[in-house]
Amino acid sequence: MSDMTAAADRAYREALSVIESVEPRIAAATRQELTDQRGSLKLIASENYASLPVLLTMGTWFSDKYAEGTVGHRFYAGCQNVDTVESVAAEHARELFGAEYAYVQPHSGIDANLVAYWAILAHKVERPGLAEKGVKNVNDLSEEDWETLRHRFGEQRLMGMSLDAGGHLTHGFRPNISGKMFHQRSYGTDPTSGLIDYDALLAQAREFKPLILVAGYSAYPRRVNFAKMREIADEVGAVLMVDMAHFAGLVAGKVFTGEEDPVPYADVVTTTTHKSLRGPRGGLVLAKEEYAPEVDRGCPMVLGGPLSHMMAAKAVALAEARTPAFQQYAQNVADNAKALAEGLQKRGVKLVTGGTDNHIVLADIAASFGLTGRQAESALVDSGVVTNRNSVPADPNGAWYTSGIRLGTPALTSRGFGADEFDRTAELIVEVLSNTTAADAPKGGASKAKYVIADGIADRVQAEAEELLGKFPLYPGLEL
Ligand code: PLP
């Protein structure tokens, strides 16, 4: 055991005994969560395992400090140490991604997108509106001028990837605020190849003329050409915003470079810090310098006081992401996704787009096994394999039952899995799903939720998964 792990082991043991003395159920759930995470094949594409230094950084008294405002310009006294934390995190983010400006306060990916949307609106609608009236601040507008400006906000258009093609709720989906605050239009993927069709996207953008073109995804298993996205945005006069929440780790690790790196091309880039980037839960916004004043108004525009302990943990994670070891990790994530995809395909599984070149594999379960995504997700969980059900393009089973499952390699790659282990993982998945059938629905026909796994399969796969995982311990040396 390294000195660092031994120290973390002591720290966590002590911490849990302190927690136990106040609320034993929380201490017990915390221990159980580690046991459960250790004992299952975690293939949720948006999850990972943060390092012990990142986890430890989250649990400090920075949580107790209010620090609304920005570095050196706070609405509270005594923020000198928060200033250090925020400056260091932003410096790492700028240097890691080669960004002109970084804002590390968003509490999550959704918050980062809200900050970005409001910053773009403020830059493109509010700033010219104020200039037109010769004032600096919205409070200096007359009531009538303020009403005119408010209406102008409501007239703006946003175009993002549709949910069933792999986009995110915050990219204009109606139940999300982004679909309510903007006139919204979605772009999909080519029905035959499953890939983004840039010519079709351009034609749609020419017709719709969005203020904001959003690129980025949650469940698209391919790389995006951001140079082409920039051309489309320029052609229609749109701001290009990229949400790289899912693939930030591949950008940080220099797997996505040139036209696949969104930072040089986009006006504003948002991300989460806890997915492939392997940091604490949180978000950040990168922007061209001209957007910095508006991005900096994230708090109080849509955020409360920054979570200083989380900004500190972001700084530690971003420092880790600047190492050669992280670059190797990111390359392994992409190589392992290919191994997983090939392992599934050679066993007869149909994949959306026919493969992957990022960290995501989207398996068409209905076409491959005659099950819904929901049945597959549940049968796999029973067998120690954690995935999530996901729509496939034009999904006949809708967003609740779905026809697919989404698989991702960031978490198990953090544990040390390589191509052989991902091939074995594919074998286990196929073993479960080819031995699972839809149960009868109470009213006749096949159920979309209930299923039957052939006797003995779930236990056998669970045992095989545990044996595989045993070779790649999670937080080795931590004995709680
Ligand atoms: N953007 C994308 C592309 C995502 O996939 C997600 C999360 O799934 C988010 C934003 C939201 O992140 P959070 O859950 O941290 O708000």
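User: What should I know about how the values were made?
Analyst: Residues are numbered from 1 along each chain as its sequence is written, and side-chain values use heavy atoms, with hydrogens and water left out. Because the model is predicted, local features need pLDDT of at least 70 and side-chain atom pairs count only at pLDDT 80 or more, while totals for chains, interfaces and linings use all residues.

User: How much of the protein is buried?
Analyst: Of its 480 residues, 54% count as buried, meaning under 20% relative accessible area with a 1.4 Å probe and protein chains only.

User: Switching topic, how many aromatic pairs are there?
Analyst: The count comes to 10 aromatic pairs, where rings of Phe, Tyr and Trp (its six-membered ring) pair if their centres lie within 6.5 Å, and planes under 30 degrees apart count as stacked, over 60 as edge-to-face and the rest as tilted.

User: Why is the pair of phenylalanine 226 and phenylalanine 247 called stacked?
Analyst: Their ring centres are 6.0 Å apart and their planes lie at 25 degrees, so the pair is stacked.

User: Are those two buried or exposed?
Analyst: Phenylalanine 226 is buried, with a relative accessible area of 1%, and phenylalanine 247 is buried with a relative accessible area of 1%.

User: Which residues do ring pairs link into a cluster?
Analyst: The cluster holds Tyr217, Tyr220, Phe226, Phe247 and Phe256.

Terms used
Buried means under 20% relative accessible area, exposed over 50%, partly exposed in between (1.4 Å probe, protein chains only).
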